[in-house]
Amino acid sequence: MGDMKTPQQGMTRRDFLVRSTVVAGSGFLSIGLPGLASKDAAAAGTAAFTPSIWFTMTPDGKTTMHIVKAEMGQHIGTGLAQVIADELEVKWADVRLDTPLESVANFAVYGLAYTVNSGSITTEFDRISRAGAAGRMALIEAGAKVLGVDAGGCYAKDSRVVQKSTGKSVTYGEILQKVTIDKKFAYPADFKGIALKSRDQYSLIGKSVASLDVPAKTNGKAKYGIDVFLPNMVYGALVIPRTRYSSKVVSIDDSEAKKIPGFIKAVKIEEAMGKCTGWVVAVADKYPTAMKAAKALKVKYDAGPYAALDTPTLLAQYKDLSKNEKESAAWVLEGDVDKGFAEAEKTLEMEYTTDMICHATMEPLNCTVQMANGEWHVHIGTQSTSFARMTLTGYLATVLKKKPEDLKIFVHQYLVGGGFGGKQDYDDILAAAWCVKEVGRPVKLIHTRESNFATSFARTPTYHKLKAGIRDGKLMAMNQDIVCGWMGARFGVGKKYGSDWLQLDSVDGKNQDIDQWSIGGSDHWYEVKNHRVRAWNHETTTWAVQASALRTVSNSYNIFVVESFMDEVAHAAGRDPLEFRLSMLNGKGGNRGIPNTGYPPGTPSDYYMDRLWISLPWASENSWPNYESATVGGALRLANCLRVAAGKAGWGTRRLPPNTGLGIAVTAAEERQSPTWVAGIAEVTVDPATGSYSINRLTIAMDPGIVVNPKNVDAQIRGSALWGASQIMSERLTLKNGGFEQSNYHQYQPIRLAQVPEIDVTIIASDHHPSGVGEPASTIVAPAVANAIYNAVGARVRHMPIAPEAVLEAMKKAKA
Amino acid sequence: MPQLSINGQSYFTDSPPDSPLLWVIREDLRLTGTKFGCGGGYCGSCTVHINGLPVRSCQVKLGDVDSNAVITTIEGLDPSDAHPVQRAWIEHEVPQCGYCQSGQIMQAAALLAVNPNPTTEQIVQHMNGNLCRCATYSRMVTAIHRAAQLAKEA
C-alpha cells in the first residue's frame with residue numbers, strides 16, 4: 001500500500017499551525033497539522049514547511065473545508081464540515097467544500113485519502129474538533145487586537161468576534177484583511193489550552209443540516225468518474241477473461257473487430273503485481289464501438305490454475321481443511337474451552353456456510369487516464385485516491401522500468417457512485433494507463449455491467465463449525481472454527497505476503513498471522529468464560545475470487561453465524577433468546593470497553609485491549625492521542641440497544657399472526673476498536689407451503705455516541721439494514737469453471753422497492769465519542785431474519801442467503 | 001447525420017444507428033446526468049422521457065428514434081431544476097451516492113404526469129424497476145407523495 005512514513009523534523013504532526021497572510025488585501029487563514037518537510041514534498045518543489053490543511057478561510061468570509069474522504073452516499077463532506085464549523089464558529093452559509101488533488105506533494109499535506117471502515121467521523125472527530133477550536137481561538141485573539149480590546153472578554157459567534165461587555169464586533173473576514181495570524185499549538189504543551197465546546201454548546205453537531213452534495217444529485221449536475229471528458233479521448237471496453245483470475249492470453253484475433261468503423265486497437269494489458277490477469281481491452285473512438293469490438297475480438301486463453309473451481313468444491317475443501325487443527329490459528333482464546341465442553345451437560349454442534357456476494361455498485365468501475373507533458377492524470381471516483389496513486393506508481397515503475405520517484409502521478413477525485421468496499425482496487429487504472437501508452441491518447445475505460453461482475457472482488461465463501469457447551473442453562477464454552485479466503489493477502493497483510501503490519505498474531509503461541517478482516521465479528525461482546533475462535537486461510541479462494549472487503553467485511557458473515565448460533569444455544573438451553581443474550585451482555589472482562597485510545601501498545605492486560613491498537617494501523621504512524629474510545633461502556637451499551645429494540649418490536653408482548661415470528665440479532669461492528677452498538681428485531685412471515693418469506697418489519701436501535709447529523713445517520717441505518725435484507729433474501733454470487741456465474745442484475749438481484757419492509761429506527765445519541773454508522777446495521781438483519789424464520793415455522797437454515805427451498809427442507813427436518 | 005430533439009434543442013450526432021441512445025446522450029452530447037447502470041434495462045439508471053414516457057435509453061437504438069421524437073433528460077426536466085419531484089427530492093434528501101437518482105426522478109416525474117395522486121401501491125409498482133444500491137427506497141416513496149402535493153400547490 002505504499003510508504004506512508006513522513007520524516008519529521010523538530011515538530012510533530014500533532015501540532016497545529018494557524019497562519020494567515022495579508023497579501024495586497026487578500027489574506028487567507030489556514031490551519032492544520034504541519035506535515036513538514038517530507039522528502040516527497042521537497043522533491044515536488046513545495047516549501048519545506050507545509051501545513052496539512054483542514055480548511056482555508058478567505059477575507060470574503062468564506063471558509064473552504066478540504067475534504068479528502070470520498071463522497072459515496074454518506075454525505076461525509078457535510079458531516080466533517082459541520083464538526084469543524086461548529087468549533088470554528090463560522091456561519092454555515094459561508095462553508096464550502098473542496099477535494100484536494102492527490103499527488104506526492106499533497107499526500108504530505110493532506111495525509112492518506114482513504115475512506116473505509118465507516119471510520120471517517122470516528123477517526124477524524126477529535127482532531128478536526130481541535131483544529132476548529134484552535135482556529136477560533138486564534139481568530140478571537142486577532143479580533144480583539146483589531147477591536148483594541150482584551151481577548152479574554154471576547155467570544156466568537158457566526159463568523160464574528162464579539163466583545164462581551166460592549167457588543168462591539170468584527171467579522172472574521174475583516175480580521176483577515178487587517179492582521180496576520182501566526183500561531184502554533186504545540187503538542188502536548190498547548191493542547192490543554194484548546195478549549196473544545198461542551199456537548200451542550202454545539203450548534204451544528206447534532207443538527208440535520210442539509211447535505212451540500214444533495215442538490216446537484218437531483219439535476220444531473222453531479223459529476224462522477226464516468227462523467228469525465230478529456231480532449232482527444234478514446235474509449236476502452238474490457239474483453240471478459242476466461243476465469244476471474246490468472247487467465248493468460250494466448251492469442252488475439254482482431255480480424256472481425258477491424259471491420260468495425262472506429263475500432264482502434266486490441267490492447268493486451270501488461271500484467272504486473274498480479275493485476276489485470278488475462279485482460280484485453282478493445283479501444284475505439286466511441287464506447288458503443290468499443291463494446292462491439294470487445295465482443296468481436298476472439299481471444300484464446302490459457303485458463304490457468306483455477307479453471308475447474310466452483311463454489312461447491314471450495315466449500316468441500318473448507319470442511320476438509322478445518323479437520324487439520326495444526327494449520328489453524330487462534331483468534332480468540334479465553335479460559336479452557338476443552339474443559340468447558342467436558343464439564344457441560346449438553347453440547348451443540350452445528351455447521352454454517354455462506355455464499356459469496358459482490359458490491360454491484362450502480363456506477364460500474366471506470367476511470368479516465370491521460371498522459372501529458374510527462375504527467376499521468378487519473379480521473380476517477382474512488383475510495384482512495386492515495387492508494388490509486390501508489391498502485392499506479394508501482395505498476396508503471398514495473399512495466400515502464402522507471403524509478404517510482406521519477407513518475408509524476410496525479411489523481412483527480414470525483415463523486416463515487418456507490419463504494420461499499422468495491423472501489424479500492426485499481427486494476428482498471430492500470431489497464432487504462434497501459435492503453436494510454438499503447439494508443440497515445442487519453443483513455444476512458446468503462447466496465448460493462450457484465451465485465452464488472454466478471455471482475456468482481458467478491459466476499460469470500462465461508463465455512464463455520466460451531467460448538468457450544470451448556471450447563472445449568474448457561475453457555476459455558478464456545479468454539480468457532482472459520483475457514484475462508486483471507487482477503488488481506490491481496491493487500492500484503494501478513495509476513496507471508498510481504499508485510500509485518502496490519503495482520504495480527506495468533507493468540508495460541510504459534511506465532512501465525514491472522515487477517516483480522518476475514519475473522520472479525522467472531523470476537524463478539526458476550527461474556528463466555530471459555531471461548532475459542534480458530535481460523536484457517538484457504539489461500540486458493542483468496543486469489544481465485546479475488547476476495548475482498550465488502551460492507552462490514554467479515555462481520556457480514558460472522559454476525560449471521562454467531563447470532564444464529566446464539567439463538568440455537570438459547571433454545572437448547574431452554575431460555576428466551578432475549579433474556580439469554582442480555583445475561584451475557586454484562587460488560588465484564590474484555591467486554592468492558594476502555595476509556596481512551598491513548599494506551600501505548602502492549603499496556604492493556606488482555607489481548608482484546610491490545611487489539612484496539614492494531615485495528616487501524618495506518619492511523620498509528622501519526623496517531624492521534626488520547627481521545628475517548630468508542631468502546632466506552634462496552635457490552636452494556638449493546639444490552640441497552642437490545643432492550644430498546646426488543647421493547648419497540650414487542651418481543652414477548654405482541655400476539656403475532658400465524659407463521660410469523662420475531663428474530664433478534666446484535667452486533668458491535670465494525671471492529672472491537674470501533675464498535676457501533678446496534679440491535680435489531682425482524683418480523684418475518686413464512687408461507688409454509690412454499691418456504692418463501694417476507695420481512696414485514698425491522699426494528700433497529702443504534703447507539704453510535706455523538707450523532708453529527710441525525711438525518712444522515714438515519715439514512716445510513718435504513719440503507720444498510722436493507723443491504724442486510726438483500727443479502728439474506730436474494731444476493732448470491734457463485735463460481736463455476738473459475739468464473740462468476742452471474743452477469744447482470746437479472747441474475748444477481750439486489751433488493752427492490754417492492755421488497756422493502758417497514759423500518760423503525762431509534763438512534764440512541766449519547767455523549768460518547770462518535771462511531772461509524774454506514775455499515776453495522778447491515779450485519780444484524782440476516783441473522784434476525786433467520787431467527788425469525790425459526791420462530792415462525794421451526795425451520796433453522798444454516799446458510800446465507802436463505803432460499804425458500806432451504807426453508808421448506810428445514811421445516812421437513814424439524815417435523816421429522 | 002441523425003438529428004435529435006433533446007430538452008428543446010436540436011443535436012446532431014455522428015454515432016452509428018445501432019448505438020444505444022444512452023451513449024449518444026451521455027458521451028456524444030455530454031448530457032451526463034443520464035447514467036449507465038447495466039445496459040440491459042434492469043436498473044433504470046438511464047431513464048429518459050421520450051414523448052413523455054419513461055424509457056430505458058440503453059435499450060433504444062439511435063436509428064429507431066424518430067427525428068420528431070421529444071426527448072427529455074434530467075437536465076431538461078425543469079428550466080430551473082425545480083420540478084416538484086426535484087424539490088421534494090431535496091426536501092427529503094433522497095439521494096445518497098446519487099448515481100441512480102436521475103433515473104429515479106425521471107421515472108417518478110413520468111408517473112405524476114399521468115397520475116397526479118398516486119397511491120403508495122401505485123408508486124411501488126411504477127418505481128420497482130429502478131434499482132438503488134444505497135436503498136434510498138422509502139424516502140423516494142415519501143418524496144413522490146410530497147411532489148404530488150407540491151405540484152398541486154404550484
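This is a predicted model: local features need pLDDT of at least 70, side-chain atom pairs count only at pLDDT 80 or more; totals for chains, interfaces and linings use all residues.
Let's start with chain B by itself. It has five helices and five strands. If you walk along the sequence, they come in the pattern β-β-α-β-β-β-α-α-α-α. And how compact is chain B? Its radius of gyration is 15 Å, close to the 15 Å that the globule rule gives for 154 residues, so chain B is as compact as a globular protein of that length. The C-alpha trace spans about 45 × 30 × 25 Å along its principal axes. On the inside, 60% of the 154 residues count as buried. And if you take contacts in chain B between residues at least 6 apart in sequence, 57% of them join residues at least 24 apart.

Now let's bring in chain A. Here 63 residues of chain A are in contact with 52 residues of chain B. Together the two chains bury about 4500 Å², and carbon and sulfur atoms give 59% of that.

What about charges? Between chain A and chain B we count eight salt bridges. One to find on screen is A:Lys286 with B:Asp14, where the closest N and O atoms are 2.9 Å apart.

Helix 19 of chain A gives the largest share, nine residues. Overall, that side of chain A divides into 31 nonpolar, 17 polar and 15 charged residues.

Definitions and conventions
Residues are numbered from 1 along each chain as its sequence is written. Chains are lettered from A and ligands numbered from 1 in the order in which they are written. Side-chain values use heavy atoms; hydrogens and water are left out. Contact means heavy atoms within 4.5 Å. Buried area is the accessible area (1.4 Å probe) that two parts lose on being put together, summed over both. A salt bridge is a side-chain nitrogen of Lys or Arg within 4 Å of a carboxyl oxygen of Asp or Glu. Helices (H or I, at least four residues) and strands (E, at least two) are DSSP runs, numbered from the N terminus. Ala, Val, Leu, Ile, Met, Phe, Trp, Tyr, Cys and Pro count as nonpolar, Asp, Glu, Lys and Arg as charged, and the others, Gly among them, as polar. The radius of gyration is taken over C-alpha atoms; the globule rule is 2.2 Å times the number of residues to the power 0.38. Buried means under 20% relative accessible area, exposed over 50%, partly exposed in between (1.4 Å probe, protein chains only).
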